[in-house]
Amino acid sequence: MPRRFHTWFVPLLATLLIFVGNVASNWLAADLQAVLTPFRPWIWGAFGVALLATLYLAWREYQRAPPAPPPIGDTIHGNAIQGTVSEAENIIIGNQNVQVVVQQVVDRLATQWRQRTLTDDEFRTVATVYLEQLVNRYRYLDFRGMGVTDRMALQFPLLEMYVPLRARREMPAADAWAHEQRPSRNRTRDDEAGVDARTLRVAGRPVSEEEALAMGARLHEPAPVLDLLQQHPGVVVLGDPGAGKTTFLKYVALRLALGQGRDFALEGYLPILIPLSAYANALSERDIPLQAFLGDYYVGLGVNLPVGDLLTTALSQGRALLLMDGLDEVQSLLQRTTLVERIVQFFAFHRRAGNKFVLTSRIVGYREAPPRAEGLVEAALVDFDDDDIDQFIAKWTAAVERAALGDNAVAQQQAAQEGAELRAAVRRNEGVGRLASNPLLLTILALMKRQGVSLPERRAQLYDTYVKTLLRTWNLARSLDGRPQREVNDVETLRVLAPLALWMHESSPGVGLVKREAVRRQLEAIYRQRGDPAPEDAVERFLTDVHKYASLLLERGPGFYGFIHLTFQEYLAALAIVQQGQLDVQPMVAALAQRLGHESWREVTLLAVGCLGLVKQNEEAASAVVTRLLQQAAGEPGAAVVWAGAAVKDVWPDGVTPACRDEVVAALRAAMIDPALPPRTRLEAGLLAADLGDLPPDLDELVPMPAQADLGYDFAIGKYPVTNHQFRRFMDAGGYADDRWWPSPRARRDRDQSNWREPRFWDNERLNHATQPVVGVSQYEAAAYCAWLTSVWQAAGRIDRDHCVQLPSQAEWMWAARGGLPAPADQALDYPWRGPFDPARANTEESGLKQTTPVHLYPGGCTPAGVWDLSGNVWEWTNDLQEVDKDGNEWFYLKGGSYYFDAKQATASAAFRGSAGDSWYLEFGFRVVVVPISRG
């Protein structure tokens, strides 16, 4: 807890100084005492004033001191809480407990708030009713608009389920300028953390220029929103639909209503939560000050007591927290400007007393009328990361099972199983992972699974399920409200939304923000094309429904429409393209071919194939689309092949035919070794081929190396570096746990202390494809692999009993790299191809790939004997010991260079060194040799 500054410290210090000075003056010389004598009455008078001031301020502080926190117990005695209460989460369970806690909060407020217009009894009555009303309104999550919840009769406490939000605060212009001007060596960690808003993503897409402007030119690293509220008098929270803005306000209001403000330095504050659209409506009818509106608003909610006096008291005491929601919901710019002026004036006046303010808005349209005031900072919410998602899943499953089964071991076990399944769905499905970063969409996903909706493995099927779930809710709400003039169904709605999504993607690719009037005109064209007798009326109903029952399509800001996530726009655009190819796929091929190579259309292309092959279950038509796209010359060289490969990977094995898969794999194989193609295209082709199960048939092949005078024995070297596919066999055979392969005590110690169970970067998607070389392995792990492989190959009769598999020596490695020839006089020619460096032959820093490539990607880099990847890609461990340092660490040489180093380090003569137990490097791999055991 931070130390508190006591107001009576200063007068007490003055009192002591005056007293000591006056007494000490008695020891002064007689002539000096004579000078002071006329002033002694004044000095003693000052002493008395200082003493009285000290006593008065100490008394006031004592009177305003907060009482001890409420007791937490298992039984009810007087005002004690009955039942279970979690101290860690501050969760209050049971209606009786809520009443007890609220009464304790009111008691504390009555003690702290001395200046009141209400009598003590009136104050307690009004405060109790007001706080209980807040608790009753916000205590449980509201699932309206999140999917069919007829089987979700359980209530879930918001405090149990809440995951804290983080936001990026805008850097002041001076700080941003200083960041740009300051030399990098002098920048602090916070300076380095600042990011350009234009590089961020919102709702699955890059931010638009308008959104970047709204968030600020440069942003700080994410920080908890509650921390920002502690540090600043006011915070404007900017976020996309579904980002959790309103839930955050409800959470804060609920915590304060239950007396839990101490955790974020808001002890004794009264929460006041209002929708700004309600105040805007009130202003349109009459000129009403914000402070007067606050009381009227809560009276309108059913609190028929003088709430206005309570709120006025809180403001005068500096103990009000105003939570103002939805600035963007005020549609009229003129009305919003007036509203903002009132808010800014109110904030500027009341912040001086210590009151706090939070205001929320969607990002789009915010800059049209932003509130500007000293002490008011802006912060843009960030998406959930993996830790946030895991935290949500843990809280969700625990609360669901506890509500269904009670607080017992069975519920905990069921929650663990449900959580593991939901986490696995998020991890294994790229589409689920993208959607789960939005709190609203993650909640819908959890609801879907809880209601028994199967979460498909493939994105197209998942999006189809998501879309239908959201549409069913939307249409159900519209039907119950009596708005539609005819039966509303999912198919009918999709026939309007799909072509609208395609048009929006064409109009605003990758951004998905379209102005209202443009949307209106396009909808009229769609309804007219569908033969609607009154298209203008149909559009008006549709847009009214969008505003009232926001689901898939919604108002992203005043005057703008967009889908809740770019993913849904892409899927529906793909569905519209599929609808064009109902009878003949050629129109669909033509629509996709003209966009080959345009990154904003890549996902639409993949989803179109997935929709046709998986959702429509027409794998023959999907295969025809893929093979015809494969033949297109449109786009960048190789783009058609890579897109076709990605589409097949998305839907294999059920969405396309085996013949289609084989044709695409052959095209990928040819593209990845084509030196005329860009390195990135070659890499993507190679990785896709591996993901589709295409492995070099000679991965385990050894290349013989005849005896050389310097060596005196024959040996054979691995044709390729050891790949992830090969190393997996060692892991599956229990290689890490079997001490037979770890004869060195030092190796076993490092393995056990570091708990090695797999290579360090085994789960890194940039490094873990089957044909990439294994990396993140220590020399000890590489040696253990060799010992295991010796046993396997000897047992299979592949090598003689007098031979073994080992890591190569430097001499053996260089012999293979130079084909038995001496080093060239010009070191610039010391490459396996015996010529100058060529970036098309090796994966080094010059390629710009910044990751490993499949081991069979560079045929031009082979030695004449046919050994691959001896230059670049990964540094390869040898068994040549360089030294043992004073700490006992063994240092070995590595050869070959890597993707991280430049061409000079990829020559046969270049070498690196590493500690044998070090597995931290993303570019350390190895290859094997078979040598006589007598080699030693």
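How many cavities of 30 Å³ or more does a search of the whole structure find? The search finds nine. The legends below refer to a predicted model.

**Figure 1. Overview of the predicted protein model.** The protein contains 34 helices and 24 strands. Of its 936 residues, 53% are buried. Contacts between residues at least 6 apart in sequence were also sorted by separation, and 71% of them join residues at least 24 apart.

**Figure 2. The largest cavity and its lining.** The volume of the largest cavity is about 100 Å³. Its lining consists of 14 residues, and those nearest the cavity centre are Val105, Leu109, Leu256, Gly259 and Gly268. Two elements, α4 (95–112) and β10 (270–275), each supply at least two lining residues. The largest share comes from α4, with four residues. Sorted by class, the lining of the largest cavity holds seven nonpolar, five polar and two charged residues.

**Figure 3. The second largest cavity and its lining.** This cavity has a volume of about 80 Å³. It is lined by 13 residues, of which Leu699, Asp700, Gln726, Trp793 and Val928 are the closest to its centre. Helix α33 (residues 779–795) gives the most to this lining, with three residues. By class, the residues lining the second largest cavity are eight nonpolar, two polar and three charged.

**Figure 4. The open sheet β17-β18-β24-β19.** Four strands make up this open sheet, in the order given, with antiparallel pairing. The edges are β17 (702–705) and β19 (803–806); each has a single partner strand, so one side of each is left without a neighbour in the sheet. From one strand to the next, the twist averages 30°. Within the sheet, β18 (residues 715–718) pairs with β24 (residues 929–932) over two bridges, in the antiparallel sense. Ala716 has Val930 of β24 opposite.

Figure 5. The view keeps the strand pair β18 and β24, which are antiparallel.

**Figure 6. Strands β20, β21 and β22.** Strand β21 (residues 890–895) is joined to β20 by five bridges, and the two run antiparallel. Val884 stands opposite Glu890 of β21. The hairpin of β20 and β21 has five residues between the strands, and Gly888 in this hairpin takes a positive phi near 85°. Five bridges also join β21 to β22 (residues 911–915), again in antiparallel fashion. Trp891 has Ser915 of β22 as its bridge partner.

**Figure 7. Backbone geometry at Pro653, Ala265 and Arg834.** Most peptide bonds are trans, and most residues other than glycine have a negative phi. The bond between Trp652 and Pro653 is cis, with omega about 10°. Pro653 is placed in the loop between α28 (639–651) and α29 (658–672). Ala265 has a positive phi, near 60°. This residue belongs to the loop between α11 (245–257) and β10. Strand β10 is also one of the elements that supply the lining of the largest cavity. Arg834 likewise has a positive phi, about 55°, although it is not a glycine. The loop that holds Arg834 runs between α34 (810–818) and β20 (875–884). Is Arg834 buried, partly exposed or exposed? Arg834 counts as partly exposed because its relative accessibility is 31%, between the 20% limit for buried and the 50% limit for exposed.

**Figure 8. Helix α25 and its packing partners.** Helix α25 spans residues 586–593. Its buried residues are Met588, Val589, Ala591, Leu592 and Ala593. These residues pack against three helices: α24 (566–580), α26 (602–615) and α27 (619–630).

Methods: Residues are numbered from 1 along each chain as its sequence is written. This is a predicted model: local features need pLDDT of at least 70, side-chain atom pairs count only at pLDDT 80 or more; totals for chains, interfaces and linings use all residues. Side-chain values use heavy atoms; hydrogens and water are left out. On a 1 Å grid over the protein atoms alone, a cavity is a set of points where a 1.4 Å probe fits but cannot get out, and a pocket is an open set with protein on both sides within 12 Å along at least five of seven lines; lining residues have an atom within 4 Å of a point. Grid points are joined across faces, edges and corners, and a volume is the space filled by probe spheres set on the points. Ala, Val, Leu, Ile, Met, Phe, Trp, Tyr, Cys and Pro count as nonpolar, Asp, Glu, Lys and Arg as charged, and the others, Gly among them, as polar. Buried means under 20% relative accessible area, exposed over 50%, partly exposed in between (1.4 Å probe, protein chains only). Two strands pair if DSSP finds at least two bridges between them. Axes are lines fitted to C-alpha atoms, for helices over the stretch in contact, and angles run from 0 to 180 degrees between N-to-C directions. Contact means heavy atoms within 4.5 Å.
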